[in-house]
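These are my notebook entries on one protein chain. I set down what I looked up, topic by topic.

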Amino acid sequence: MAAKAEPRFGRMIPAMVTPFDENRELDLDKAQALANRLVDGGSDSLIINGTTGESPTVFYPQKIELFRAIVSAVGDRVPVLANVGDNCTADTVDFAREVESLGVDGIMLVVPYYNKPPQEGLYRHFRTIAEAVDLPVILYNIPGRCVVNMEADTTLRLAHDVENIVAVKEASGNMEQIKRIIEESPDAFQVYSGDDEATFEIMKMGGAGVISTIGNVAPARMKEIVELTAAGDYDGAQAAHNALQPLMKELFVTSNPILVKEALKLVGFPVGGVRLPLVDATPEQSEHLAQVMREVGVL
């Protein structure tokens with residue numbers, strides 16, 4: 001198929017973890033240091049306070065503080081993308097408008113969770129929020145967490161109907177669905193893998209890149225995979241993917257971001273633990289994670 005347009009937000013976008021101090025309060029200094037570390041490692045943009053950033057337990061005033069701190073730290077270096085999605089349309093409109101004033105470069109909106117909207121509800125939800133702001137919007141489809149799958153027809157309607165809906169983070173695992181979105185969406189609309197392990201396969205179909213968990217720990221290694229794939233060096237990309245895949249898998253043996261935060265601690269860049277109802281890695285999990293990190297050359 002013909003190549004899509006060059007993605008406006010680049011190809012390797014870490015979904016940045018949210019650092020906490022010993023009391024599990026926001027550590028904004030460490031957040032700014034992590035953002036700089038990720039940009040130095042080759043990140044093209046940053047998603048702030050997504051799933052990997054513990055969005056369910058970082059409440060709205062803290063989200064604002066976090067977005068403001070990251071814009072201040074790296075906003076002149078890479079696009080800063082704020083996850084503002086919620087399962088109430090009206091609340092999300094209000095919050096998205098507030099976040100727009102902070103100087104972020106775009107927003108991400110997740111499929112509403114828990115209330116299980118039908119496809120028409122998803123279409124109206126996303127369209128209503130996108131039309132309330134001037135920022136570019138990335139949709140986020142992750143049925144494993146939201147119960148509902150946003151079907152290809154719905155994503156494509158939004159891609160064609162709403163000018164500032166510019167991309168989707170696809171974590172459905174449904175390759176036929178993802179392939180159809182890539183092929184039938186406008187040239188400027190980008191499809192990102194929402195799963196590190198699926199990145200190579202999705203990019204071979206014409207996907208833009210990845211919104212990445214492992215990019216927090218090994219940004220340069222994940223960047224290598226997406227750049228080789230984008231350049232058409234599939235043998236090199238496959239080899240780079242295979243070399244990192246054991247760690248991609250290991251980071252998800254328990255709920256994300258428990259192990260990616262532990263991995264950052266192991267590489268000497270501690271970002272604190274996770275907030276309840278998540279719990280920190282056990283000693284056994286940490287030991288096995290360290291073993292895998294050594295095997296793939298990250299530790």
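This is a predicted model: local features need pLDDT of at least 70, side-chain atom pairs count only at pLDDT 80 or more; totals for chains, interfaces and linings use all residues.

**Entry 1: the barrel**

I looked up how the strands are arranged. I found that 8 strands close into a barrel in the order β1-β2-β3-β4-β5-β6-β7-β8, with parallel pairing. From one strand to the next, the twist averages 25°. Isoleucine 13 stands opposite isoleucine 211 of β8. I also noted that helix α1 (residues 28-40) packs on the sheet, where it touches β1 and β2. The direction of α1 makes about 160° with that of β1.

**Entry 2: strand β6 and its surroundings**

Is strand β6 enclosed or open? I found that 6 of the 6 residues of β6 (residues 165-170) are buried, so the strand is largely enclosed by the rest of the structure. Strand β5 (residues 137-141) pairs with β6 in the parallel sense over 5 bridges, and valine 137 stands opposite isoleucine 165 in β6. The parallel pairing of β6 with strand β7 (residues 190-193) has 4 bridges; here alanine 167 has glutamine 190 as its bridge partner in β7.

I next looked at helix α6 (residues 152-161), in which Ala152, Thr154, Thr155, Leu156, Leu158 and Ala159 are buried. The buried residues of α6 pack against α4, β5, β6 and α7.

**Entry 3: the largest pocket**

I looked up the largest pocket and recorded a volume of about 520 Å³. Its lining has 26 residues, and Glu54, Ser55, Pro56, Thr57 and Tyr113 lie nearest the centre. Helices α2 (60-74) and α5 (143-146) each supply at least two residues of this lining. By type, the lining residues divide into 13 nonpolar, 8 polar and 5 charged.

Leaving aside neighbours within four places in sequence, tyrosine 60 is in contact with Asp86 and Phe95. The C-alpha atoms of tyrosine 60 and alanine 231 are separated by 40 Å.

I then turned to threonine 92, in helix α3 (residues 89-100). Threonine 92 counts as buried because its relative accessibility is 1%, and buried means under 20%. Not counting residues up to four places away in sequence, threonine 92 touches Val84, Gly85, Asp86, Leu109, His125 and Ile129.

**Entry 4: backbone exceptions**

I began with a general point: most residues other than glycine have a negative phi, and most peptide bonds are trans. I then searched for exceptions. Arginine 24 has a positive phi, near 65°; it lies in the loop between β1 and α1 and is partly exposed, at 31% relative accessible area. Lysine 116 has a positive phi, near 50°; it lies in the loop between β4 and α4 and counts as exposed at 54%.

Which peptide bond involving proline 257 is cis? I found that it is the bond from asparagine 256 to proline 257, with omega near 10°. Proline 257 lies in the loop between α10 and α11. A cis peptide bond also joins leucine 276 and proline 277, with omega about 15°; I located proline 277 in the loop between α11 and α12.

Terms used:
Residues are numbered from 1 along each chain as its sequence is written. Side-chain values use heavy atoms; hydrogens and water are left out. On a 1 Å grid over the protein atoms alone, a cavity is a set of points where a 1.4 Å probe fits but cannot get out, and a pocket is an open set with protein on both sides within 12 Å along at least five of seven lines; lining residues have an atom within 4 Å of a point. Grid points are joined across faces, edges and corners, and a volume is the space filled by probe spheres set on the points. Ala, Val, Leu, Ile, Met, Phe, Trp, Tyr, Cys and Pro count as nonpolar, Asp, Glu, Lys and Arg as charged, and the others, Gly among them, as polar. Buried means under 20% relative accessible area, exposed over 50%, partly exposed in between (1.4 Å probe, protein chains only). Contact means heavy atoms within 4.5 Å. Two strands pair if DSSP finds at least two bridges between them. Axes are lines fitted to C-alpha atoms, for helices over the stretch in contact, and angles run from 0 to 180 degrees between N-to-C directions.
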